[in-house]
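Have a look at the model first, then read on.

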Amino acid sequence: MSIAITGATGQLGRLVVAALKAKAPATKIIALVRSPEKAADLGVEARAFDYSIPESQAAALAGVTTLLLISSSEIGQRVAQHRNVIAAAKAAGVRLLVYTSLLHADHSPLSLAEEHRATEADLTASGIPFVILRNGWYAENYTMAVPAALAHGALVGSAGDGRLSLATRADYAEAAVAILTGAGQPGQIYELAGDAAVTLSDLAAEIGRQSGRDIPYTNLPQDAYAAVLKQAGLPAPLPEMLAAWDIDASRGALFDDARQLSALIGRPTTPLAEAVRAALA
């Protein structure tokens, strides 16, 4: 049995490979990456694999029985890219395809959800046994703002008092490994999110507590927050997208209290204080 991970040199992919090596022989793990030379430090076999080039995929999937399809980072191209991978996996005889989707993808208002819904439908139609991991928001999506909050003396956003069920990438990586190594049954859909919901005010307070400074949270209108992100140098269309997602979060789009993630990994999800500590370090 061989387990392959797409996007294995990405932020989530690297964590999955590392956690998987503690559960399965390295000789049974395959990193599927655009540039195999960048995967040399992973300690597993690396094969050239590009979401957008179907010709690169058939040979790369030879002998693979279980495949983790980490969703592409190229928003707007994901449906076609994922469709390529699903077709290649079917042709290669993959026995289980695990896909990282989005929390409540079936009804989420987030603009990201549409592509995930399409891929979930493609998976269902493919006939390949699958498990869908609907990942909630990474804590790092917000703790990456810690340096700016310290530099400017405030944390800004547009999420208001929206409750955010955040978990770290490492938490989600462990969940993927649990499924790849036998937890769960084909056809299952997991709604994965952090145990404790927090607000951006909670995040600001925790940054202040650990840094010994007064760091308030300032809630901005959507356009104003997008303008701040543009000024910070984020390339288009990311500022507008991030601001819109914060508005969705203010309405509950990133909240879930089912605790399926902690049940799957067998421990509580990483608390906010630890995520902030890592960001400060």
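Predicted model: local features only at pLDDT ≥ 70, side-chain atom pairs only at ≥ 80, totals over all residues.

## Strand S2 and its neighbours

Ala31 sits opposite Ala46 in S3. S2 and strand S3 (residues 45–48) run parallel and are joined by four bridges. On S2's other pairing, strand S1 (residues 3–6) is also parallel to S2, again with four bridges. Thr6 has Leu32 as its bridge partner in S2. To get from S1 to S2 the chain passes through helix H1 (residues 11–21), and this β-α-β crossover is right-handed.

How many of the residues of strand S2 are buried? Five of the five in the stretch 29–33, so the strand is largely enclosed by the rest of the structure. Ile29, Ala31 and Val33 point one way, while Ile30 and Leu32 point the other way, and all are buried.

## The whole sheet

Zooming out, S2 belongs to an open sheet of seven strands, ordered S3-S2-S1-S4-S5-S6-S8 and paired in parallel. Which strands stand at the edges? They are S3 and strand S8 (189–192); each has a single partner strand, so one side of each is left without a neighbour in the sheet. On average, neighbouring strands here are turned by 20° against each other, direction ignored. As background, strands of a sheet pair through backbone hydrogen bonds, either parallel or antiparallel.

Two helices lying across the sheet are worth a look. H1 lies across S1, S2, S4, strand S5 (96–102) and strand S6 (130–135), and runs at about 160° to S1. H7, for its part, lies across S1, S4, S5, S6 and S8, at about 170° to S6.

## Nonpolar cores

The largest nonpolar core holds 56 residues, and Ile5, Val16, Leu67 and Leu97 have the most contacts inside it. Helix H7 (residues 169–180) supplies the largest share of this core, eight residues. There is also a second, separate core of 29 residues, which includes Leu112, Ala149, Leu164 and Leu200.

Not counting residues up to four places away in sequence, Ile5 touches Val16, Val17, Leu20, Ile29, Ile30, Ala31, Leu32, Leu68 and Ile70.

Ser72 is in the loop between strand S4 (66–69) and helix H3 (78–92). Is Ser72 buried or exposed? Its relative accessibility is 3%, so Ser72 counts as buried. Leaving aside neighbours within four places in sequence, Ser72 is in contact with Tyr51, Arg78, Gln81 and His82.

If you are checking backbone torsions, two positive phi values turn up in residues other than glycine. His104 has phi near 55° and lies in the loop between S5 and helix H4 (113–126). With a relative accessible area of 16%, His104 is buried, because the cut-off is under 20%. Arg259 has a positive phi of about 60°, and its place is in the loop between H10 and helix H11 (260–265). At 46% relative accessibility, Arg259 counts as partly exposed.

One more for the torsion list: the peptide bond from Ala236 to Pro237 is cis, with omega near 0°. Pro237 belongs to the loop between helix H9 (222–231) and helix H10 (238–250).

Key: Residues numbered from 1 in each chain as written. Heavy atoms only, no water. Buried < 20%, exposed > 50% of the residue type's maximum accessible area, 1.4 Å probe, protein only. Contact = heavy atoms within 4.5 Å. Pairing = 2+ DSSP bridges. Right-handed = clockwise from strand over helix to strand, strands pointing away. Core = buried A, V, L, I, M, F, W, Y, C linked by side-chain atoms within 4.5 Å. Axes fitted to C-alpha atoms, helices over the stretch in contact; angles between N-to-C directions.
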